[in-house]
Amino acid sequence: MSSDHGTGTGHVVHPMVLVGTLGALLVLTFFTVAVTWVDFGPAAFHIAMAIATLKAALVVLFFMHLYWDKPIIAITFITSLVLVALFISLSINDTQNWMPEMIPDYAPRIERTTAGG
Amino acid sequence: MSDHGDHPDYLGHHYDTPEQQFDSGKFGMWLFLATEILLFAGLFCAYAVYRSNHPEIFHYSEQFLDRKLGGINTVVLITSSFTMAMAVRAAQLGKNGATAMFLVLTILGGFGFMGIKKVEYEHKWKHGLLWGNKYQDQEHHDGHDGHGGEHGDEGAHDDGHSLNLGIPGVTMAHAADGAGGGSAGDHGEDASQAGAAAGDGGDHGAATHAAGEHSDAGGHSDMSASDKSAPIMVDGEEIPHTTHETGAAAPEGLAGADDKHADDGAPAYVHIFFGIYFLMTGLHGLHVIAGLIAIAWVLVRTLKGHFSAEYSTPVDLVGLYWHIVDLVWIYLFPLLYLIS
């Protein structure tokens with residue numbers, strides 16, 4: 001957990017792990033561009049975000065050593081992500097429910113969706 | 001300190017052991033990084049809310065971002081994240097020479113990123129692709145060439161006077177009065193959003209919507225969304241027939257400009273996309289600069305021999321900062337450059 005060198009100053013990551021992470025990140029970067037060459041419709045957004053999240057996970061786990069860190073670090077990090085998710089999802093929920101009524105014709109797409117059922 | 005005969009120089013007097021110091025420093029850094037994530041979350045939220053309300057603006061604006069440069073910058077930043085991780089590793093092992101080398105490579109990556117960013121910003125500055133009232137409506141050929149080919153599958157490209165966004169019901173017509181055309185279905189849907197009738201009236205309603213809101217060449221950001229929307233709603237319901245009437249109802253200065261913008265093909269409020277774009281990439285760029293300063297600082301300390309296999313925490317923590325900068329860009333790149 002803390003160290004493999006007995007100094008208590010962090011896990012020393014094997015260079016091949018870092019090289020592998022770099023390779024995976026570059027491949028995923030290519031993928032995230034490549035998927036835009038195909039028309040996935042509304043799913044494109046989710047695909048792009050899934051790839052970005054996978055890349056972010058690789059960076060956090062290996063480049064940032066979270067994989068070897070003490071649990072308190074992961075708790076801190078994940079807490080911030082939970083707060084971000086709450087923040088954005090509630091804001092989206094709010095704007096989609098209220099904006100069309102508050103400002104007529106402000107959000108035509110949403111208004112249409114709401115009106116259409 | 002008295003009870004620690006082997007209290008090393010690098011160990012703060014308020015810590016018992018190097019491990020305690022390391023854990024505290026690391027936890028503190030991660031707490032800071034959590035606040036950084038929340039800081040950026042504010043902008044991501046603005047992006048998400050605005051995009052969910054106005055997908056057509058993002059669809060239209062994305063063509064002005066250079067995917068190639070964005071992609072290269074992604075690779076540059078990821079690679080510099082790798083060299084930073086290698087620098088941390090070398091520092092942990094006490095290899096100061098290797099640490100310095102990897103830190104220099106990381107700094108070069110950061111400069112490369114900012115250099116490409118500068119090219120992108122300059123291009124946008126030159127073309128008035130800016131925020132608020134600094135935004136200049138794009139010329140016809142700019143807007144249309146990029147989209148005509150990509151999104152021409154739904155027809156309604158009557159002499160380039162309308163922009164088909166490929167999203168049902170979000171077609172924005174920019175026909176000057178009389179130049180309408182296009183499929184009735186397309187415009188009818190658009191018009192129905194304003195509560196107007198379908199058919200020809202609807203066509204004009206849609207054109208009104210676009211032209212009325214979007215006709216001030218010098219920029220038009222001072223009005224709030226509701227200011228802009230209100231007259232359109234009225235027009236859409238009560239006088240959907242002619243754009244001139246709309247122009248008269250629109251604020252001073254907008255009326256005469258309809259013809260100028262008939263070819264524009266742009267949805268309204270595009271300047272807000274660029275406001276979001278510059279805030280997000282600008283804040284990120286500031287973080288890159290801050291990261292570069294921090295890396296330069298640990299590079300100097302490395303060269304001075306401050307670090308050893310026993311103590312290299314500053315390199316580690318600066319590395320964490322650099323990685324979070326990379327992390328933010330990993331999301332910014334697809335959100336701004338790729339998704340349309």
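Helix α11 of chain B is mostly covered, with 25 of its 26 residues buried (buried: 20 or more other C-beta atoms within 10 Å of the residue's own; C-beta atoms are placed from the backbone). This is a predicted model, in which local features need pLDDT of at least 70, side-chain atom pairs count only at pLDDT 80 or more, and totals for chains, interfaces and linings use all residues. Residues are numbered from 1 along each chain as its sequence is written, while chains are lettered from A and ligands numbered from 1 in the order in which they are written. Helices are DSSP runs (H or I, at least four residues), numbered from the N terminus.

- α10(B), residues 270–303, has 34 residues and reaches 49 Å from first to last C-alpha, close to the expected 50 Å.
- After α10(B) comes B:Gly305, with a positive phi near 80°.
- In α3(B), residues 67–92, the end C-alpha atoms are 37 Å apart, in agreement with the 38 Å that its 26 residues should span.
- α3(B) is mostly covered, with 20 of its 26 residues buried, and is followed by B:Gly94, whose phi is positive, near 80°.

**Packing of α4 and α10 in chain B**

- α4(B), residues 96–126, packs against α10(B) at about 160°, with the axes 10 Å apart (axes are lines fitted to C-alpha atoms over the stretch in contact, and angles run from 0 to 180 degrees between N-to-C directions).
- That makes the two helices roughly antiparallel (angles over 145 degrees).
- The contact includes B:Leu103, B:Ile107 and B:Phe113 of α4(B), and B:Val288, B:Leu292 and B:Ile295 of α10(B) (contact: C-beta atoms within 7 Å).
- α4(B) passes α10(B) in a left-handed crossing (the near helix is turned anticlockwise from the far one by less than a right angle).

**Packing of α1 and α2 in chain A**

- α1(A), residues 15–34, and α2(A), residues 43–63, pack at about 165° with their axes 10 Å apart.
- α1(A) and α2(A) are therefore roughly antiparallel, and their crossing is left-handed.
- Among the residues that meet are A:Leu18, A:Leu25 and A:Phe31 in α1(A), and A:Ile51, A:Leu58 and A:Phe62 in α2(A).

Methods: A residue is buried if 20 or more other C-beta atoms lie within 10 Å of its own, exposed if 12 or fewer, and partly exposed in between; C-beta atoms are placed from the backbone. The expected span of a helix is 1.5 Å times one less than its number of residues. Angles under 35 degrees count as roughly parallel, over 145 as roughly antiparallel, 65 to 115 as roughly perpendicular and the rest as oblique. Two residues are in contact if their C-beta atoms, placed from the backbone, lie within 7 Å.
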